[in-house]
Amino acid sequence: MSEPTRGPKGRVEIKSEECKGCGTCVELCPQDVLLLGNDLNRMGYRAVTYKGDGCTGCGICFYACPEPGALSVYKIKDKALA
Ligand code: SF4
Ligand code: SF4
């Protein structure tokens, strides 16, 4: 069986000190790649963390986050096969 065609991948970066731990991005991520960490940031919130793989770069978390600057999403285009 051949592998399905892979779409663009993404990467999410989290500034944990900006996160208020509301959990909105965790709830909305269709790939389920975000989770609330156990450690508290300087403001006393459990900041969200990225599982490290599986982000498609859809941007849903970025647009849903109420804290400007807490999340940055990057698209990573697959290299064309030579
Ligand atoms: S960009 Fe999309 S897939 Fe990536 S972490 Fe955010 S909601 Fe999830
Ligand atoms: S939506 Fe924003 S503030 Fe809420 S947990 Fe996610 S990164 Fe933190």
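Let's start at ligand 2, which has 14 residues around it, with Cys19, Cys22, Thr24, Cys25 and Cys65 coming nearest. To be near a molecule here, a residue needs its C-beta atom, placed from the backbone, within 6 Å of it. Sort that shell by class and you get 9 nonpolar, 3 polar and 2 charged residues. In this sorting, Ala, Val, Leu, Ile, Met, Phe, Trp, Tyr, Cys and Pro count as nonpolar, Asp, Glu, Lys and Arg as charged, and the others, Gly among them, as polar.

Before going on, a word about what you're looking at. This is a predicted model, where local features need pLDDT of at least 70, side-chain atom pairs count only at pLDDT 80 or more, and totals for chains, interfaces and linings use all residues. Residues are numbered from 1 along each chain as its sequence is written, while chains are lettered from A and ligands numbered from 1 in the order in which they are written. The mean pLDDT (the predictor's confidence in each residue, from 0 to 100) is 90 for the protein chain, and 85% of its residues reach 70 or more.

Now over to ligand 1. It is surrounded by 14 residues, and the closest are Cys29, Cys55, Cys58, Ile60 and Cys61. Strand E1 (9–14) and helix H2 (60–64) are the elements that give two or more residues to this shell. Its classes are 9 nonpolar, 5 polar and no charged residues.

What order do the elements follow along the protein chain? From the N terminus on, they run β-α-β-β-α-β, with 2 helices and 4 strands in the chain. Helices (H or I, at least four residues) and strands (E, at least two) are DSSP runs, numbered from the N terminus. Strands E2 (residues 34–40) and E3 (residues 46–50) run antiparallel, joined by 4 bridges; strands pair if DSSP finds at least two bridges between them. Leu35 has Thr49 in E3 as its bridge partner, and Leu40 has Arg46. The E2 and E3 hairpin has 5 residues between the strands, and Gly44 there takes a positive phi near 90°.

You'll find Asp32 in the loop between helix H1 (24–28) and E2. Most residues other than glycine have a negative phi, yet the phi of Asp32 is near 55°, a positive value. Is Asp32 buried or exposed? Asp32 counts as exposed because it has 10 C-beta neighbours inside 10 Å. The cut-offs are 20 or more other C-beta atoms within 10 Å for buried, 12 or fewer for exposed, and partly exposed in between, with C-beta atoms placed from the backbone.

Finally, the inside. Of the 82 residues of the protein chain, 16% count as buried.
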